[in-house]
Amino acid sequence: MKLVSYIFFVAFFFIACSPKTAPSEVPNGQTSSLDAVARNNFKSDYKILYNSNKSFAAIYDEKKVDSDDYPSLKIMLFDTKNNNVAWGKKAYRGTVTWESKSKLKVDYYERNNKRSTVVYDTKTKEVTYLQ
């Protein structure tokens, strides 16, 4: 009987003293909002690309569409300070990069295989299309 109560006490002690894992959270609870938006719009297999000061996050995925010969690229730009979606774009065979901390650049091909670039400026909220 002493052995059973000793084992119970030791097990309870280790459970009580085990380190608790804190949620991985960015200040202001940004991670939960960002993850919720990403899961809601992309389900799975999405990527997140932050700008240098992590004030914006480009959430994107590239999936093969059955009716199209090229993968389509879906992009959402999330404002982590205000917890909202700032901009979005769909493209074909594209790449997403941060040109600076305030300019998101998307290089892509149009359906006629013409290469195009779009730049979204997070400061001015302007979209610039380059050919």
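The protein chain contains 2 helices and 7 strands. Along the sequence, these elements follow the pattern α-α-β-β-β-β-β-β-β. Of the 131 residues of the chain, 32% count as buried. The chain exposes about 9,100 Å². Carbon and sulfur atoms supply 55% of that area. Among contacts with a separation of 6 or more, 26% involve residues 24 or more positions apart.

The mean pLDDT is 79, and 70% of the residues reach 70 or more. Strand 6 has the highest confidence, at 95. Helix 1, residues 2-17, has the lowest, at a mean of 53. Over residues 18-28, pLDDT stays under 50. For that stretch the model has 5 contacts beyond four places in sequence. Where pLDDT is low, the predicted coordinates should not be read in detail.

Strand 6 spans residues 115-121 and is mostly covered, with 6 of its 7 residues buried. Strand 6 pairs with strand 5 (residues 103-109) in the antiparallel sense, through 7 bridges. In this pairing, Arg-115 of strand 6 stands opposite Tyr-109. The hairpin of strand 5 and strand 6 has 5 residues between the strands. Within that hairpin, Asn-113 takes a positive phi near 65 degrees.

Strand 6 also pairs with strand 7, residues 126-130. This pairing is antiparallel and comprises 5 bridges. Val-119 has Thr-128, in strand 7, as its bridge partner. Here too the strands form a hairpin, with 4 residues between them. Lys-125 lies in the turn and has a positive phi of about 60 degrees.

A search of the whole structure finds 2 salt bridges. Asp-107 forms a salt bridge with Lys-105, and the closest N and O atoms are 3.9 Å apart. Arg-115 forms a salt bridge with Asp-107, again with the closest N and O atoms 3.9 Å apart. Shared partners join Lys-105, Asp-107 and Arg-115 into one network. How exposed are Asp-107 and Lys-105? Asp-107 counts as buried because its relative accessible area is 13%, under the 20% cut-off. Lys-105 is partly exposed, with a relative accessible area of 24%.

The largest nonpolar core has 15 residues. Leu-73, Ile-75, Leu-77, Trp-87, Val-96, Leu-104 and Val-106 touch the most other members. Strand 2 (56-64), strand 3 (71-79), strand 4 (84-100), strand 5 and strand 6 each supply at least two residues of this core. Strand 4 gives the largest share, 4 residues. In soluble globular proteins, nonpolar side chains tend to be buried together.

Which residues does Trp-87 contact, leaving aside its neighbours within four places in sequence? Its partners are Ile-75, Met-76, Leu-77, Leu-104, Val-106, Val-118, Tyr-120 and Val-127.

Notes
Residues numbered from 1 in each chain as written. Predicted model: local features only at pLDDT ≥ 70, side-chain atom pairs only at ≥ 80, totals over all residues. Heavy atoms only, no water. Buried < 20%, exposed > 50% of the residue type's maximum accessible area, 1.4 Å probe, protein only. Pairing = 2+ DSSP bridges. Salt bridge = Lys/Arg side-chain N within 4 Å of Asp/Glu carboxyl O. Core = buried A, V, L, I, M, F, W, Y, C linked by side-chain atoms within 4.5 Å. Contact = heavy atoms within 4.5 Å. pLDDT = per-residue confidence, 0-100. Areas by Shrake-Rupley, 256 points an atom, 1.4 Å probe, with all protein chains shown as cover.
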